[in-house]
Amino acid sequence: MDAFRIEGGAKLTGEVRISGSKNAVLPILCATILAPGTYRLENVPVLSDVATLTTLLRTLGVRVVREGSALLVDSRESVPNEAPYELVRTMRASVYVLGPILARFGHARVSLPGGCAWGPRPIDFHLKAMEALGAVIRLDHGVIDAIGAPLRGAEIRFPFSSVGATGNAVMAAVLAEGTTTIFNVAREPEITSLCEFLCAMGARIEGVGTEKLVIEGARELHPADARVIPDRIETGTYLVAGALTGGDLLLRDTEPAHNEAVLAALREAGVEIDVNKTDIRVRSRGPLRPLEVETAPYPGFPTDMQAQLMALLLLAEGTSEIIETIFPDRFKHVPELCRLGGSIRVEGNRAIVRGVGALTGAHVMASDLRASAALILAGLVARGTTEVSRIYHIDRGYERIDEKLSGAGARIWRVRR
Ligand code: EPZ
């Protein structure tokens, strides 16, 4: 298994280009099942999660070919084969095929995803949304078996915001007979971009970007092309890298408007941020101030940036508090950050981070995508050598992270272990 070796101490300078969003392209790829035809998706990052979904789509008869930074998709031969356990457990977002297969074919079989590193990740909201649209769902030896032809428009109320369940419900409702109203929908940019893609395919969705969507079901949709939005979590991760190393880094081809909460938090910590259309410049020279941050659904502070912010706050002058409201036990990165010299106490869904003067390099182990990012960030400033193992986690969601960091002056190497 590969590992990253990092020699800490380099200030990051120069430019980093932000890639297309992992969490935006995954549902868009699944939406191609809704209308047989050919699609061109631009700005698609090279990530193992995209490769996993591509494999899943191929088992469903969808052809996917990469042409540089674009994917050419052909769903004319798609069939409602079962989405197998070995793929769905590899990547939970595979469950996004449930809505499109059910809406297009009237019958879907999708393996239940496994839990994630930070605890079980239920999909009850997804299933209840399908049932609201008239599907009959049964669990058949670990496989979700959903029947519903045709789906009928309904009212769907989510108890609280869920990105995946919103995506699945919308992709099912766009071909349902009649009107569907969905309350308490996720407003993440990735859901907005999915809705915009579906509208380009001929879907009729009102209220995009708000917490209520009204969808008029269409008899059929048609293919469309799309350009994937920039990855806001990759953006936030490199902003922290620039701030933590006391550097001066320019992020290109990003979307500042998708990062308001992260930009506000960094500014409050004393980091200098300059925004210009699709670029963000991050500089940090002075001391870092401690923060009190609570994760929340968009446009709140994203849970996917919680670990990375914690890495930054390890060096703040004072004690910070991070409250994790989305995945209360998403703290697998804490013991590893403590091995690097961090002083962090976890009480339920709260992490108390006491700023320390310096971090020291050590061997640490990645446990999930964003935890891996936090360990790399801490390694960039830890004195001496840090080795991060199990970096297959990081390759799921960060395109060429070692090359992008090296290009900005970091001393980081991918090593075989
Ligand atoms: C998406 O996951 C993202 N993944 C996650 O990013 C992100 O952390 C999460 O949204 C929250 O923003 C993708 O977009 C592929 P949720 P998702 O449904 O859809 C509970 C990354 O690092 N819930 O919004 O699975 C759930 O347990 C990944 O890129 C139910 O109870 O998250 C959680 O507490 C990690 N029942 C809360 O809702 C359900 O049926 C929010 O989860 C569904 C969710």
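Select helix H8 (232-244), helix H12 (369-381) and helix H14 (401-407): each of these helices supplies at least two residues of the lining of the largest cavity. The model on display is a predicted one. The structure holds 1 cavity of 30 Å³ or more, and the largest cavity has a volume of about 30 Å³. To outline the largest cavity, display Thr-237, Tyr-238, Ala-241, Ala-373, Ile-376, Leu-377, Ile-401 and Leu-405, which line it. Colouring this lining by class gives 7 nonpolar residues, 1 polar residue and no charged residues.

Keep H8 and H12 selected, and turn to the second largest pocket, to whose lining H8 and H12 give two or more residues. The second largest pocket has a volume of about 320 Å³. Its lining comprises 18 residues; Leu-244, Thr-245, Gly-246, Leu-315 and Val-381 are those nearest the centre of the pocket. By class, the lining of the second largest pocket divides into 9 nonpolar, 6 polar and 3 charged residues.

Next, select helix H6 (residues 163-173) together with helix H7 (residues 189-200). How do the axes of H6 and H7 cross? They come within 10 Å and cross at roughly 10°. Angles under 35 degrees count as roughly parallel, and H6 and H7 are therefore roughly parallel to each other. To view the contact, show the side of H6 formed by Val-163, Thr-166, Gly-167, Val-170 and Met-171.

The tour then moves to a sheet. Select strands S6, S8 and S7, which form an open sheet of 3 strands in the order S6-S8-S7, with antiparallel pairing. Which strands are the edge strands? They are strand S6 (107-111) and strand S7 (136-140), each of which pairs on one side only. Viewed from one strand to the next, the twist averages 20°.

Within this sheet, focus on S7 and strand S8 (residues 143-147), whose antiparallel pairing extends over 5 bridges. Strands of a sheet pair through backbone hydrogen bonds, either parallel or antiparallel.

H4 lies across S6 and S8, and the helix runs at about 160° to S6.

Conventions: Residues numbered from 1 in each chain as written. Predicted model: local features only at pLDDT ≥ 70, side-chain atom pairs only at ≥ 80, totals over all residues. Heavy atoms only, no water. 1 Å grid on protein atoms, 1.4 Å probe; cavity = no way out; pocket = protein on both sides within 12 Å on 5 of 7 lines; lining within 4 Å. Points joined across faces, edges and corners; volume = space filled by probe spheres on them. Helix = DSSP H or I, 4+ residues; strand = E, 2+ residues; numbered from the N terminus. Nonpolar A, V, L, I, M, F, W, Y, C, P; charged D, E, K, R; others polar. Pairing = 2+ DSSP bridges. Axes fitted to C-alpha atoms, helices over the stretch in contact; angles between N-to-C directions. Contact = heavy atoms within 4.5 Å. Parallel < 35°, antiparallel > 145°, perpendicular 65-115°, else oblique.
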